[in-house]
Amino acid sequence: MNVAKSGYRVFSANSTVACTELAKKITERLGVELGKSVVFQESNRETRVDVKESVRGQTIFIIQTIPRDVNTAIMELLVMAYALKTSCAKNIIGVIPYFPYSKQCKMRKRGSIVCKLLASMLAKAGLTHIITMDLHQKEVQGFFSFPVDNLRASPFLLQYIQEEIPDYRNAIIVAKSPSAAKRAQSYAERLRLGLAVMHGEAQCAESDMADGRHSPPCIRNPTGHPGLELPLMMAKEKPPITVVGDVGGRIAIIVDDIIDDVEDFVAAAEILKERGAYKIYIMATHGLLSGDAPRLIEESAIDEVVVTNTVPHEVQKLQCPKIKTVDVSMILAEAIRRINNGESMAYLFRNITVDD
């Protein structure tokens, strides 16, 4: 049970059954009970948190999985962290397997870097440390003023490939865009498999507007300095879709960190089928699977979508039997145990390179 002399307690920042499932698996592995708290919405949709036990002088771990209502989940985490801070908790450590807004980590035109804003909000609420998994960009760790442990799900997904995919030695790892090539190369090298990269219309255009150089827009100002003629940047034109690598007669395994809107994955699967791949698997850490994703997967050429349980997706699994889940509670529980005991985290990052 959560004994005071253990020096730490584990709480869930969400009271719904779907979101507490991962928290319960983690506490079972740790041999502790989930802390007593109630998180609910008032009639006017305000978030309220009631902590039902003393946390004075304790190290507190808050587990928050992110359901479809992302903004409510963020408020739950912030309000609970602040409640624990004002209750004199010694350390407040957030366990956030999928970090929300992680894609909004670059300046886009006149937008904002929302991920940096969220990092500042978490620090202000009282968090002193974060455990997360497979950030969309590893550089996001620099937004925080406290330690961030960015764990990897790849060992679990690699194990799934080796144990659950028949004849995986006849597979080829596929990056559905050049931006995903490093991750795919890491999988290919560890499995001793070939690598293919898709390039063209199916690639993500996020990088086209990520660095802010379109702001202000390129407009020649006739009232500007005479003689100042800056060269205009040529507009990009996507080439026809191509697959660099031979996938004919092979099992194609597409790897990525997030699978949300699945249109790009479905389009990639169709191209790979046309090129001769006879089975197509999607491997991703975070299965957001928003909107009509289950239906699109079920009707597509994709044979199986494998994701971890960093995000609740039980409803999507009922709608689409092609979706499979890999449990990562083991590594999250071990990270909590090591941090509480003051042990090194290096064991959890063994054989992890900079590009992983």
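**Notebook: strands, sheet and packing helices**

I started at strand 5 and found that it pairs with strand 6 (residues 129–133) in the parallel sense over 4 bridges. For me, two strands pair if DSSP finds at least two bridges between them, and strands (E, at least two residues) and helices (H or I, at least four) are DSSP runs numbered from the N terminus. I'm working on a predicted model, where local features need pLDDT of at least 70, side-chain atom pairs count only at pLDDT 80 or more, and totals for chains, interfaces and linings use all residues. Residues are numbered from 1 along each chain as its sequence is written, and side-chain values use heavy atoms, with hydrogens and water left out.

I looked up Ile96 next: its bridge partner in strand 6 is Thr132. Between strands 5 and 6 the chain goes through helix 3 (residues 114–125), a right-handed β-α-β crossover. Right-handed here means that, with the strands pointing away from the viewer, the path from the first strand over the helix to the second runs clockwise.

Then I checked strand 4 (residues 59–63), which pairs with strand 5 in the parallel sense over 5 bridges. Ile63 stands opposite Val95 in strand 5. Helix 2 (residues 70–86) carries the chain from strand 4 to strand 5, again as a right-handed β-α-β crossover.

Is strand 5 enclosed or open? I count 5 of its 6 residues (91–96) as buried, so strand 5 is largely enclosed by the rest of the structure; buried means under 20% relative accessible area (1.4 Å probe, protein chains only).

Last, I traced an open sheet of 7 strands, order 10-9-8-11-12-13-14, with mixed pairing. Its edge strands are strand 10 (242–244) and strand 14 (323–326).

Notes:
Buried < 20%, exposed > 50% of the residue type's maximum accessible area, 1.4 Å probe, protein only.
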